[in-house]
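Biologist: Can you walk me through the cavities and the aromatic pairs in this one? Keep it quick.

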Amino acid sequence: MDAPGTASTGVELRQLRCLVAIVDEGGFTDAAAVLGVSQAAVSRTLAALEQALGVRLLRRTSRVVTPTATGLRVVAHARRVLGEVDALVREAASGHTRLRIGYAWSALGRHTLAFQRRWAAERPETELQLVRVNSASAGLAEGACDMAVVRRAPADRRFGSAIVGLERRLCALASDDPLARRRSVRLADLGGRTLLIDRRTGTTTLDLWPPDARPATEETHDVDDWLTVIATGRGVGVTAESTAHQYPRPGVVYRPVRDAEPVAVRLLWWRDDPHPAVQDVLELLTGLYREG
């Protein structure tokens, strides 16, 4: 047996639309005109909704139609439900007119603005949105975006991926740290420090250091928190170059790590349902990184 309040009540979207139309238009005749049906059909639809809910929704006199107290609450819920359904339809239909690209900590660093401007100039029919989602897939697995920029190889085989460029690794330090006076640092210089890492999305792991020379670690999950701790001198960070371009912060300096391998920047997309703009994005991003 279905629990009370489940779909077994038989409430349909057309019934909710009918109720809202009656209230908005002030009567059955005008609602019928708006909905493109007969007045009798409006009456039957409303009666079916009231029967399904087991309550009276409208007071009807010879002149006016007004919601009951319960009717007011149902109309409010109906508006929200219909709004969500309309948004869902727009979302499903906008695949070719909107492109959402997710990223975790930083988007494309110094290339971010150039990418946005070139896309707008070359593909004005497809709206571009950059979406920050601090997850391993930068929002792709969560449905928050259509493609994602990540800096770790994807473990999920559902995703297609391609490297679009490389970025240097930088060390983030408090501006009064002794290492901040240097033009660059080595990984060995950080062995006695506390390293702030994000295991979900970060590019830095202890594998960068020999087993006997690894720094202590502290977990962080947000770039703002990461920068705040670094500015106090309690820890240091190693990150992709894009972070320095996207998040300059008073009290924090970035220095190249000259003996660390660069970070690969990857574009992810759904392998079995790619956005039609994947190839265009790949070509534009690869060109930007190639230009330097």
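**Cavities and ring pairs**

Modeller: The second largest cavity is lined by Gly109, Arg110, His111, Glu167, Glu241, Ser242, His245 and Tyr289. This is a predicted model: local features need pLDDT of at least 70, side-chain atom pairs count only at pLDDT 80 or more, and totals for chains, interfaces and linings use all residues. Residues are numbered from 1 along each chain as its sequence is written, and side-chain values use heavy atoms, with hydrogens and water left out.

Biologist: What counts as a cavity and as lining here?

Modeller: A cavity is a set of points, on a 1 Å grid over the protein atoms alone, where a 1.4 Å probe fits but cannot get out; lining residues have an atom within 4 Å of a point.

Biologist: What volume does the second largest cavity have?

Modeller: About 30 Å³. Volume is the space filled by probe spheres set on the points, with grid points joined across faces, edges and corners.

Biologist: Which helix gives the largest share of that lining?

Modeller: Helix α7 (residues 241–246), with three residues. Helices are DSSP runs of H or I, at least four residues, and strands are runs of E, at least two, numbered from the N terminus.

Biologist: And the largest cavity, what is its volume?

Modeller: The largest cavity has about 280 Å³. Its lining has 23 residues, and Trp105, Thr201, Gly202, Thr203 and Thr239 lie nearest the centre. β5 (147–150), β8 (194–197) and β10 (237–240) each give two or more residues to that lining. β10 gives the most, three.

Biologist: New topic. How many aromatic pairs are there?

Modeller: Three. Rings of Phe, Tyr and Trp (its six-membered ring) pair if their centres lie within 6.5 Å; planes under 30 degrees apart are stacked, over 60 edge-to-face, the rest tilted. One of the pairs is Trp105 with Trp226, edge-to-face at 5.1 Å centre to centre and 75° between the planes.

Biologist: Where do those two sit in the chain?

Modeller: Trp105 is in the loop between β3 (98–103) and α5 (112–122), Trp226 is in helix α6 (residues 223–232), and they are 121 residues apart.

Biologist: Is Trp226 buried or exposed?

Modeller: Trp226 counts as buried because its relative accessibility is 1%. Buried means under 20% relative accessible area, exposed over 50%, partly exposed in between (1.4 Å probe, protein chains only). Trp105 is buried too, at 11%.

Biologist: Why is the pair of Phe159 and Trp270 edge-to-face?

Modeller: Because their ring planes are at 70°, with the centres 4.9 Å apart. Phe159 lies in strand β6 (residues 159–167) and Trp270 in strand β12 (residues 263–270), so the pair ties together parts 111 residues apart in sequence. Phe159 is buried at 4%, while Trp270 is partly exposed at 21%.

Conventions
On a 1 Å grid over the protein atoms alone, a cavity is a set of points where a 1.4 Å probe fits but cannot get out, and a pocket is an open set with protein on both sides within 12 Å along at least five of seven lines; lining residues have an atom within 4 Å of a point.
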